[in-house]
Amino acid sequence: MATYREIHGKAIKSISSDPSAPTDAGQMWYNTTSDTFKSIVQSVAWRSGASFSTSGYGAAGSGSLTAGLIMGRNTLASGDTPSNATEEWNGSGWATGGNLSTARYYGGALGTQTATVFVGGDSRPPGSGSQTTAENYNGTSWTSGTAYPVAVTLNSGFGTTSAGVMCNGSDTTYSATTKEYNGSWTAGGDLSTARRWIATAGTQTAGLAFGGQVPPSGYSTNVTEAYDGSSWTSGGSLNVTRAVNAVGGGINQDASQTNALASGGYQSSGSPKTYFNETEAYDGTSWTAQPTMTTARGYGTGGGTGSAGIVAGAYTGSVTTAVEEFDSSVNTITPATFSSGNSQNLNTYNRVGWGTQSAAWVAGGTFPGNKDESEEYDGTSWTEGDNLNTARGYGGAGGPQTAAIFSCGSRLTNMEYYNGSSWSNQTACPTARGSQAAGGTQTSFVQAGGSSAGAPTYPINNTGEEWNGSSWTSAGALPAAQGAMNGAAIGESESAAMLAGGVISPAGPPGVVPHSVTNISLDYGGTSWTANPTINTARESGYLFGTTSSAILAGGATTTMYGGSEQWNGSVFVTGVNMTTARYTGGRAGTATAGLVAGGYPGTPGSVGNATELYTGETTALNVKTITTS
């Protein structure tokens, strides 16, 4: 029998472990440890992505798969409530952008994340339907642009703000008209087929339009057309007749006339509407079926190529914040996730804690009454630790499991150290407080804000204090009084600390004292607190873990318990995956790739007050397949 070398002229490489770096699909080797032949294979699939901050459908989009922009949307499942929300996509999550001047949905956009024009749309209510309004985005804010020549909605664009194209669409009729854009609008070649709710991609001289609704019935179409800068010609038909997602322009800078993605959408005939999860890729000649989306949906915004794509928002009978991403790669991508861990022994909340995912600590609590118990986590289970000298909760926390610091809490001045076996009293804090922002170590610690004893009930303050391991000194004050930040501050030292969220009015519990949650994020550099980009969802008493350059903010409370998370990359907060159980005010520990949330209040007294959730960041691994031999 001929050997592989005799047939192909070379031998298969023998190695003791599988490679970890992506290489060409189909590469083969012999794994001497497992005694098997193996190969790198390509996987193609949809997976869940980080959700929108604001639910809705009918948004417009622009930009690319690593720097996208979504603007406007309808936030009601039944009726019309246009939104002026803008969100920026960085390839992993969404950050809040500047608001549109005019709230609307079903408009069209073209351009990049830092240079977009948004045209038309529906502003009902109030207003009169279709708009000529145009707005320009510069990466930060929207300003008035050159009005579109006609009132339009259900339109779609592609290209850039110096060389763009807008396909008209219409609210009550169907248009074949195309306008070109370079700061002003001029006539372009008409589409061969008049339609609305069209998906687009490409450049001004090599554009693509596919799907949509056609007159007179409003039924969906499978028509594809290509644009050469002056006229449209027929392309390969979609396999599934539909008005596809990626209307309004879509995140389409990566797509081209010869490499585009059609995903989901709906069939406009019949009642109720049929929503699709079918996906197709275009090579310039024909559409080829790809793996289906996880959820059938229409009225979404997105785009992409045959190897990478995204669909954001959409409608399936209800509005949603859900996002799906499409990947065709030799790497298997595992999304970030929160998963259940073993519960703490004590069922309470308002605990504090820090450490790592495999060596965490929590202490104190306030339900019912102040608690003195502490516990240690080894990555698998919680065990009892030494009791605090003074029972209390919602204080400041820092340091590892063998050198922990618990500062103030329950509007007291007590401070204690933990050495891994026992708690010891230290010099008391100058100011009695609780729910303060705090972070650092036993020798370099800072705290600020929080609530104090006195009248009115639970007044909050802006004062700050630093601890150097032996004494307290005054620290820079917060810009304004701020409270309910227990768990929502981190720090590697007194000169590297940050906070996110809290309340900026009296810090009493909901229903007791009026209070207002905030989206403020502040950074402390050893002298003063300065503003960071805001978090996307205002909240109090969330779980912030990681470092000042890479962190996760999870859970908290808005007007209700909140379970969403956000990723901090040192410059901006972007949306992340949801916790298993929405809750606030507990212990937390770990990094932005391996974190922990311990306990907290879920809205129902006594329930899951001891629950633990483990956070695992997104991972990629080479997709290796064992080759069966005989």
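Modeller: The lining of the second largest pocket consists of seven nonpolar, eight polar and three charged residues (Ala, Val, Leu, Ile, Met, Phe, Trp, Tyr, Cys and Pro count as nonpolar, Asp, Glu, Lys and Arg as charged, the others, Gly among them, as polar). The model is predicted, so local features need pLDDT of at least 70 and side-chain atom pairs pLDDT 80 or more, while totals for chains, interfaces and linings use all residues. Residues are numbered from 1 along each chain as its sequence is written, and side-chain values use heavy atoms, without hydrogens and water.

The pocket's volume is about 250 Å³ (the space filled by probe spheres set on grid points joined across faces, edges and corners). A pocket here is an open set of points on a 1 Å grid over the protein atoms alone, where a 1.4 Å probe fits, with protein on both sides within 12 Å along at least five of seven lines; lining residues have an atom within 4 Å of a point. Of its 18 lining residues, Ser92, Ala336, Gln567, Tyr615 and Glu618 are closest to the centre. Strand β4, residues 43-49, contributes the most to the lining, with three residues (strands are DSSP runs of E, at least two residues, numbered from the N terminus).

As for the pairing, β41 (residues 464-467) is joined to β40 (residues 444-448) by four antiparallel bridges (pairing requires at least two DSSP bridges), with Gln447 bridged to Glu465. Four antiparallel bridges also link β41 to β42, residues 472-475, and there Glu466 is partnered by Thr473. In the hairpin of β41 and β42, four residues lie between the strands, and Gly469 has a positive phi near 105°.

Terms used. Buried means under 20% relative accessible area, exposed over 50%, partly exposed in between (1.4 Å probe, protein chains only).
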